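Please look through the sequence and the structure shown here.

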Amino acid sequence: MTEIEQPIRLTLQEANRLAKLPLHCMQVEYPNKLNQTLENETYLKGPKALHTAFYGCFDWHSSVHGHWMLVSLLRQFPELENAAEIRQKLSENLSLSNIQTEVDYFSMPQNSSFERTYGWAWVLKLAEEIHLWDDPLARELENNLQPLTDLMVEKYLEFLPKLIYPIRVGEHSNIAFGLSLAYDYALTLENSALKNLIKSRAMDWFEKDANCPLEWEPSGFDFLSPCFQELDIMRKVLDKDAFKIWLGAFMPELSTNDFSLEPGKVSDRTDGKLVHLDGLNFSRAWVLYGLIKDFPEEYGHLMKIANEHIDYSLPSIVDDNYEGTHWLGSFAIYALQQAP
């Protein structure tokens with residue numbers, strides 16, 4: 001391989017740089033975007049009163065995956081610069097009482113579907129990461145988080161059979177993304193009920209799909225690729241031989257050595273929606289890295305494209321544009337950690 005065809009690796013230096021993003025915002029209440037449906041005026045409260053664990057980093061789901069990011073970095077780099085501060089804030093935020101408040105929120109009128117399924121998926125990814133972390137603090141945090149983890153599993157088991165049609169969009173409600181992170185949790189924690197349901201629903205929705213119109217992507221506010229996210233979940237639920245046949249029909253162009261794909265272009269990183277396209281570049285990259293890892297001979301030529309997507313966005317996510325930086329670090333870390 002040439003140098004450019006090697007995957008971009010996560011270094012300790014990059015981990016220290018990116019860790020500052022969630023660390024600095026995980027206990028910052030404002031600005032904040034509450035996605036709350038109010039039954040009446042008595043439910044109108046501030047972010048920290050409503051979400052005692054996940055009130056920082058602008059919105060609930062970004063706070064959740066900011067916590068995932070910090071746990072993940074501590075697990076990979078115990079020598080992280082701000083390790084002591086991170087551990088302290090994780091312990092403070094993820095207390096048993098704080099998590100119980102988060103559980104109670106879902107019982108409030110009109111909020112049972114809060115963060116479906118994007119936030120649900122990130123809770124399970126956080127739970128998986130804590131479970132894999134060999135540290136006494138992790139055992140405390142895993143126990144504290146368990147009531148919310150159990151609730152998210154219950155919600156998946158309840159919701160997925162009801163969803164007749166898949167949700168094929170490039171933002172939070174993309175169902176393939178929600179399935180993918182939840183499937184990782186189910187495999188790691190050996191939850192056969194959740195694993196089998198996710199596989200069944202993925203097959204129901206996606207097994208017969210062909211010729212995904214990648215040329216229609218991206219839409220202007222995408223941070224997920226509908227085509228690539230579907231590829232990702234099917235790679236996980238199918239055996240390798242079946243997946244190769246499926247992908248040959250779904251995105252046959254990926255197998256050609258001259259396949260090209262331009263990174264999503266961001267015209268204004270101060271715009272919280274336009275900067276979504278940096279997230280798209282990271283999410284495309286992690287899907288491509290996962291594909292290359294499992295099928296290096298067939299799809300190794302896609303490494304250059306994955307790297308180009310990361311190279312376009314990675315240098316730009318540490319700045320003063322809070323609407324982008326409060327969440328993009330998590331996407332960057334997740335992409336870098338999928339490198340073969």
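A residue is called buried when its relative accessible area is under 20%, exposed when that area is over 50%, and partly exposed in between. The model is predicted, and the values below are computed from it.

In the whole structure, a search finds 2 disulfides. One is formed by Cys25 and Cys57, with sulfur atoms 2.0 Å apart. The link of Cys25 and Cys57 is right-handed, with 90° about the S-S bond. Cys25 belongs to helix H1 and Cys57 to the loop between helix H2 (47–50) and H3, so this pair ties together parts that lie 32 residues apart in sequence. Cys25 and Cys57 are both buried.

The other link joins Cys212 to Cys227, with an S to S distance of 2.0 Å. Because the torsion about the S-S bond of Cys212 and Cys227 is about -90°, this disulfide is left-handed. Cys212 sits in the loop between helix H9 (192–206) and H10, and Cys227 sits in helix H10, so the parts tied together are 15 residues apart in sequence. Cys212 and Cys227 are buried too. When the bonded cysteines of the protein are numbered in sequence order, the pairing reads 1-2, 3-4.

Phe58 is found in the loop between H2 and H3. Phe58 is not a glycine, yet its phi is positive, at about 80°. With a relative accessible area of 13%, Phe58 falls under the 20% limit and therefore counts as buried. In the loop between H9 and H10 lies Pro218, and the peptide bond from Glu217 to Pro218 is cis, with omega near -5°.

The loop between H5 and H6 can be read in the same way. Gln110 is found there, and its phi is near 80°, a positive value in a residue other than glycine. Thr117 also has its place in the loop between helix H5 (96–105) and H6. A cis peptide bond joins Arg116 and Thr117, with omega of about -10°.

What lies in the interior? In soluble globular proteins, nonpolar side chains tend to be buried together. The largest nonpolar core here has 117 residues, and Leu148, Ile233, Met234, Leu247 and Met251 touch the most other members. Helix H7 (residues 136–159) gives the largest share of this core, 10 residues. Leaving out residues up to four places away in sequence, Leu148 touches Phe54, Trp60, Ile99, Glu102, Val103, Phe106 and Val123.

Ala15 is in helix H1 (residues 12–25), and it is buried because its relative accessible area is 0%. Apart from its neighbours within four places in sequence, Ala15 is in contact with Leu10, Leu73, Phe77 and Leu80. Glu79 lies in the loop between helix H3 (60–76) and helix H4 (83–93). At 48% relative accessibility, Glu79 counts as partly exposed. The C-alpha atoms of Glu79 and Leu12 are separated by 8.5 Å, although these residues are 67 residues apart along the chain.

Helix H3 also holds Ser72. At 2% relative accessibility, Ser72 counts as buried. Not counting residues up to four places away in sequence, Ser72 touches Glu129 and Gln337.

The largest pocket has a volume of about 570 Å³. Of the 35 residues that line it, Lys33, Asp59, His61, Glu115 and His172 are the closest to its centre. H3 and helix H15 (322–337) each supply at least two residues of this lining. By class, the lining of the largest pocket has 14 nonpolar, 14 polar and 7 charged residues.

The second largest pocket holds about 360 Å³ of space. Its lining has 17 residues, of which Asp184, Lys293, Tyr334, Gln337 and Gln338 are the closest to its centre. At least two lining residues come from each of H3, helix H6 (118–132), helix H10 (226–237), helix H12 (276–294) and H15. By class, the lining of the second largest pocket has 3 nonpolar, 5 polar and 9 charged residues.

Technical notes:
Residues numbered from 1 in each chain as written. Predicted model: local features only at pLDDT ≥ 70, side-chain atom pairs only at ≥ 80, totals over all residues. Heavy atoms only, no water. Helix = DSSP H or I, 4+ residues; strand = E, 2+ residues; numbered from the N terminus. Buried < 20%, exposed > 50% of the residue type's maximum accessible area, 1.4 Å probe, protein only. Contact = heavy atoms within 4.5 Å. 1 Å grid on protein atoms, 1.4 Å probe; cavity = no way out; pocket = protein on both sides within 12 Å on 5 of 7 lines; lining within 4 Å. Points joined across faces, edges and corners; volume = space filled by probe spheres on them. Nonpolar A, V, L, I, M, F, W, Y, C, P; charged D, E, K, R; others polar. Core = buried A, V, L, I, M, F, W, Y, C linked by side-chain atoms within 4.5 Å. Disulfide = S-S within 2.5 Å.
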